[in-house]
Amino acid sequence: MTTPPPQGNPFAQGQQQPQGQNPFAQGQNPFAQGQPGFPRQAGQPGFPPQGAPVPPEQPRRKIGFKTIKNIVIAVVVAGVAIGGFIASRDDANTAAVGDCMHRGSTSDNDPDLEVVDCNSSDAQYEVLAKIDGSFLSDTLASSKCEAEAKGFQYVYTQSGDGKDFLLCLKDHKK
């Protein structure tokens, strides 16, 4: 006599169902293999193949001294550039006819002229004319100011630092 085949899932990988019990009647899934929900499937995106080791989490990248140093240098360079731009807005090259100027230095070679408000107590000179071009000698500059601005008292020439120009100035009456 032969024995009858076992009852249950013939594909259950060696698990024997007790005879007389229907796993579907008790709300169990005989295919879940001990896991709730859907079983993991090898080859699906996001799931490593079954039995494969899980790779370790990548270490977080640390910010090194070199990176911090480069950021600090970039901030300092940007600050100097912005500061230079703000400081140069009041230079002689921004002067126009009718503006008042203040001499920031006692040196005749670099008087450091700055544009100031004409009502300010710092106002020393008034711009009578601004002439573009290069003037290599004081006599050439003076003759150009005589032709362009009657009553001038001083000449200021700037060359080599951007645009070359000549300012014809007189004392500002307060």
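Predicted model: local features only at pLDDT ≥ 70, side-chain atom pairs only at ≥ 80, totals over all residues.
**View 1. Strand 5 and its pairing partners.** Strand 5 spans residues 165-171. Five of its seven residues are buried, so the strand is mostly covered under the 20% cut-off. Strand 3 (residues 125-132) runs antiparallel to strand 5, joined by seven bridges. Within that pairing, Glu-126 stands opposite Lys-170. Strand 4 (residues 154-158) also pairs with strand 5 in the antiparallel sense, over five bridges. Here Val-155 has Cys-168 as its bridge partner.

**View 2. The disulfide of Cys-145 and Cys-168.** The sulfur atoms lie 1.8 Å apart. The link is left-handed, with -90° about the S-S bond. Cys-145 sits in helix 2 (residues 138-148) and Cys-168 in strand 5, so the pair links distant parts of the chain, 23 residues apart. Cys-145 is buried at 0% relative accessibility. Cys-168 is buried too, with a relative accessible area of 0%.

**View 3. The disulfide of Cys-100 and Cys-118.** The link is right-handed, with 105° about the S-S bond. Cys-100 belongs to strand 1 (residues 100-103), and Cys-118 to the loop between strand 2 (113-116) and strand 3, so the bond ties together parts 18 residues apart in sequence. Cys-100 is buried at 0%, whereas Cys-118 is partly exposed at 27%.

**View 4. The largest pocket.** Its volume is about 330 Å³. The lining counts 13 residues; Asp-108, Pro-111, Val-155, Tyr-156 and Thr-157 lie nearest the centre. Strand 4 gives the most to this lining, with four residues. By class, the lining holds seven nonpolar, two polar and four charged residues.

Terms used: Residues numbered from 1 in each chain as written. Heavy atoms only, no water. Buried < 20%, exposed > 50% of the residue type's maximum accessible area, 1.4 Å probe, protein only. Helix = DSSP H or I, 4+ residues; strand = E, 2+ residues; numbered from the N terminus. Pairing = 2+ DSSP bridges. 1 Å grid on protein atoms, 1.4 Å probe; cavity = no way out; pocket = protein on both sides within 12 Å on 5 of 7 lines; lining within 4 Å. Points joined across faces, edges and corners; volume = space filled by probe spheres on them. Nonpolar A, V, L, I, M, F, W, Y, C, P; charged D, E, K, R; others polar. Disulfide = S-S within 2.5 Å.
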